[in-house]
Amino acid sequence: MARLVLLSEGFTGRSFELKSETTPVGRLPDNAFDIPESSVSSHHAEIILRGNDVVVRDLNSTNGTFINGEQIEGEAVLKHGQILRLGTVEMRLETGEAPAPTKKKTQLEHTRPIPQGVKLDELQGAGAPPQFDKQTGFEKRSNRGQKIFAVLVIVVGVVLVAALVWVLLQKR
């Protein structure tokens, strides 16, 4: 018997057995398989048992329906071990059979060349040592502003203490 095993956090371990010919899936409890998650549409998709095939039909969902990361348009066959994603919720189809042999993708099919950029010797000419005598923005800053602030705080403090003493002497 085919079943969907949820993999996403908060739903881990939850599963649903596909018993009927058509299983509506969505966020609302009126679906046969309800997934209460905001990225899942109210009536997101249908899972259809067609002979030995498990077919997924998107019901014009807001966040899309994906099989192994590829968005489906209309409907598509879901095979044993493949990941079905509704919105952000992922689930795996388990049918109790061994997965069909698939062409193993090599690392090169998933990689893209990354440009290396410019090397230091290309910028300044071959063999020329780097020049560090210009301002780079990492020089030590002066403390002049902090010193002025400290002097002002001390002067204001002395003035306040003198004013307080003067007020106290006037009250006598």
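Visitor: Which residues is His44 in contact with, leaving aside its neighbours within four places in sequence?

Guide: Contact means heavy atoms within 4.5 Å. By that rule, and leaving aside neighbours within four places in sequence, His44 is in contact with Val25, Gly26, Ser39, Arg57, Asp58, Leu59, Ser61, Gly64, Thr65, Leu86 and Gly87. This is a predicted model, in which local features need pLDDT of at least 70 and side-chain atom pairs count only at pLDDT 80 or more, whereas totals for chains, interfaces and linings use all residues. Residues are numbered from 1 along each chain as its sequence is written, and side-chain values use heavy atoms, with hydrogens and water left out.

Visitor: Why is His44 called buried?

Guide: A residue is buried under 20% relative accessible area, exposed over 50%, and partly exposed in between (1.4 Å probe, protein chains only). His44 has 0% relative accessibility, so it counts as buried. His44 is found in the loop between β4 (33-34) and β5.

Visitor: What makes the pair of His44 and Thr65 a polar contact?

Guide: The term requires a pair of N or O atoms within 3.5 Å; within protein, one must be able to donate a hydrogen and the other to accept it, and residues adjacent in sequence count only if both atoms are side-chain atoms. The side chains of His44 and Thr65 make such a contact at 3.2 Å.

Visitor: Is Ser41 buried or exposed?

Guide: Ser41 also lies in the loop between β4 and β5. Its relative accessibility is 10%, and therefore Ser41 counts as buried. Beyond its neighbours within four places in sequence, Ser41 is in contact with Gly26, Arg27, Ser61, Thr62 and Asn63.

Visitor: What makes β5 and β6 a pair of strands?

Guide: Strands (E, at least two residues) and helices (H or I, at least four) are DSSP runs, numbered from the N terminus. Two strands pair if DSSP finds at least two bridges between them. Strand β5 (residues 45-50) and strand β6 (residues 53-58) run antiparallel and are joined by six bridges, with Leu49 opposite Val54 in β6. The two strands form a hairpin with two residues between them, and Gly51 in the turn has a positive phi of about 65°.

Visitor: Which residue forms a salt bridge with Arg50?

Guide: Arg50 forms one with Glu75, and the closest N and O atoms are 2.9 Å apart. Arg50 lies in strand β5 and Glu75 in strand β9, so the pair ties together parts that are 25 residues apart in sequence. Arg50, at 41% relative accessible area, is partly exposed, and Glu75, at 34%, is partly exposed as well. Glu46, Arg50, Arg57 and Glu75 are linked in a network of salt bridges.

Visitor: How many salt bridges does the count come to by this rule?

Guide: The count comes to five. One of them joins the side chains of Arg3 and Glu94 at 3.0 Å, N to O. Arg3 lies in strand β1 and Glu94 in strand β11, so this pair ties together parts that are 91 residues apart in sequence.

Visitor: In what order do the six strands of the open sheet stand?

Guide: The order is β2-β1-β11-β10-β7-β8, and the pairing is antiparallel. At the edges stand β2 (15-17) and β8 (70-71); each has a single partner strand, so one side of each is left without a neighbour in the sheet. Within the sheet, β1 (residues 3-6) pairs with β2 over three bridges and with β11 (residues 89-94) over four.

Visitor: Why is Asn60 called exposed?

Guide: Asn60 has a relative accessible area of 76%, which is why it is exposed. Asn60 lies in the loop between β6 and β7, and its phi is near 55°, a positive value in a residue other than glycine.

Technical notes
Salt bridge = Lys/Arg side-chain N within 4 Å of Asp/Glu carboxyl O.
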